[in-house]
Amino acid sequence: LYGDRPYPEVEALVRGTLQRAESVGNVRAMALCQHALGSVHFLVGRWPQSRAELDGSVRLAPSVGAAQGEVIGSQRLGLLETAMGRLEDGYQRLRRTVTVARASESVQVRHHSFTRTLAALAQNRLQAGQLGQAVAYIDESFQVQDAVGECITCDGLLYPVAVLVFLVTGDLERAD
């Protein structure tokens, strides 16, 4: 089904690691493995499974003080809900995620998570046909990027959405 792509091997490796983490009660590793499985399953289109795994990760993360895991997991859940057409659910989750990130004591969370979460909000608003809000979230993403610096993973999530938003709104110069 997946040809020569590494999906089955990655899934097997993460599942084995999750089993080991569960056997010794390592909640932090369990949350990380749930997040990894949810992310992989999102990418290959196994969305209901992804949703359950990401939700499990987000529920475990606060118990071990993993604010970054909670925020990134919630961002991915919001993006997943958006992709599934559950636009209002995704929008509300992403808005809560921004609030949690802003209130975090972790500099990493406050700086690293905003660009990706704002890009997910822009994607959500684009799909909802709220183009003004989508542009506003993209603009805020670039302001955050200017303030805290570039991040290859966050920017990799921002730029494709920004290009789509600018193309749809007819701003070809910014899209370029």
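1. Ground rules. This is a predicted model, so local features need pLDDT of at least 70 and side-chain atom pairs count only at pLDDT 80 or more, while totals for chains, interfaces and linings use all residues. Residues are numbered from 1 along each chain as its sequence is written, and side-chain values use heavy atoms, with hydrogens and water left out.

2. Helix 1 against helix 2. Helix 1 (residues 7–24) packs on helix 2 at an angle of about 160°, the axes being 9 Å apart. (Helices are DSSP runs of H or I with at least four residues, numbered from the N terminus; axes are lines fitted to C-alpha atoms over the stretch in contact, and angles run from 0 to 180 degrees between N-to-C directions.) That makes the two helices roughly antiparallel, a label for angles over 145 degrees. Their crossing is left-handed, meaning that the near helix is turned anticlockwise from the far one by less than a right angle.

3. Who makes that contact. Helix 1 brings Tyr 7, Val 10, Glu 11, Val 14, Arg 15, Thr 17, Leu 18, Ala 21 and Glu 22, and helix 2 answers with Ala 29, Met 30, Cys 33, Gln 34, Ala 36, Leu 37, Val 40 and His 41. Contact here means heavy atoms within 4.5 Å. By class, the residues split into 11 nonpolar, 3 polar and 3 charged. (Ala, Val, Leu, Ile, Met, Phe, Trp, Tyr, Cys and Pro count as nonpolar, Asp, Glu, Lys and Arg as charged, and the others, Gly among them, as polar.)

4. Gln 34 sits in helix 2 (residues 27–43) and is buried, with a relative accessible area of 18%. (Buried means under 20% relative accessible area, exposed over 50%, and partly exposed in between, with a 1.4 Å probe and protein chains only.) Leaving out residues up to four places away in sequence, Gln 34 touches Leu 18, Glu 53, Leu 54 and Ser 57. Ser 57 belongs to helix 3 and is also buried, at 2% relative accessibility. With the sequence exclusion of up to four places, Ser 57 touches Ala 31, Gln 34 and His 35.

5. Helix 3 against helix 4. Helix 3 (residues 47–60) and helix 4 (residues 67–83) pack at about 155°, with 9 Å between their axes. They are therefore roughly antiparallel, and this crossing is left-handed. On the helix 3 side, Trp 47, Ser 50, Arg 51, Leu 54, Asp 55 and Val 58 take part; they meet Glu 70, Gly 73, Ser 74, Arg 76, Leu 77, Leu 80, Glu 81 and Ala 83 of helix 4. The contact residues divide into 6 nonpolar, 3 polar and 5 charged.

6. The cores. The largest nonpolar core has 24 residues, and Phe 114, Leu 118, Leu 121, Tyr 137, Ile 138 and Val 165 touch the most other members. (A nonpolar core is a set of buried Ala, Val, Leu, Ile, Met, Phe, Trp, Tyr and Cys residues joined through side-chain atoms within 4.5 Å.) Two or more residues come from each of helix 5 (87–103), helix 6 (107–127), helix 7 (131–148) and helix 8 (152–168), and helix 6 gives the most, with 8. Another core, of 6 residues, lies apart from it; Leu 18, Ala 21, Cys 33 and Leu 37 are among its members.

7. Helix 6 against helix 7. The axes come within 8 Å and cross at roughly 165°, so helix 6 and helix 7 are roughly antiparallel. Helix 6 passes helix 7 in a left-handed crossing. Residues from helix 6 in the contact include His 111, Phe 114, Leu 118 and Arg 125, and those from helix 7 include Tyr 137, Ile 138, Ser 141 and Val 148. The class count for this contact is 12 nonpolar, 5 polar and 2 charged residues.

8. Leu 118 and Ser 141. Outside its sequence neighbours up to four places away, Leu 118 touches Val 98, Tyr 137, Glu 140, Ser 141 and Val 144. Ser 141 is in helix 7 and is buried at 0% relative accessibility. With that kind of neighbour left out, Ser 141 touches Thr 115, Leu 118, Ala 119 and Leu 158.

9. A proline to look at. Pro 160 lies in helix 8 and is partly exposed, at 45% relative accessibility. Pro 160 and Gly 90 are 70 residues apart in sequence, and their C-alpha atoms are 19 Å apart in space.

Definitions and conventions: Parallel < 35°, antiparallel > 145°, perpendicular 65-115°, else oblique.
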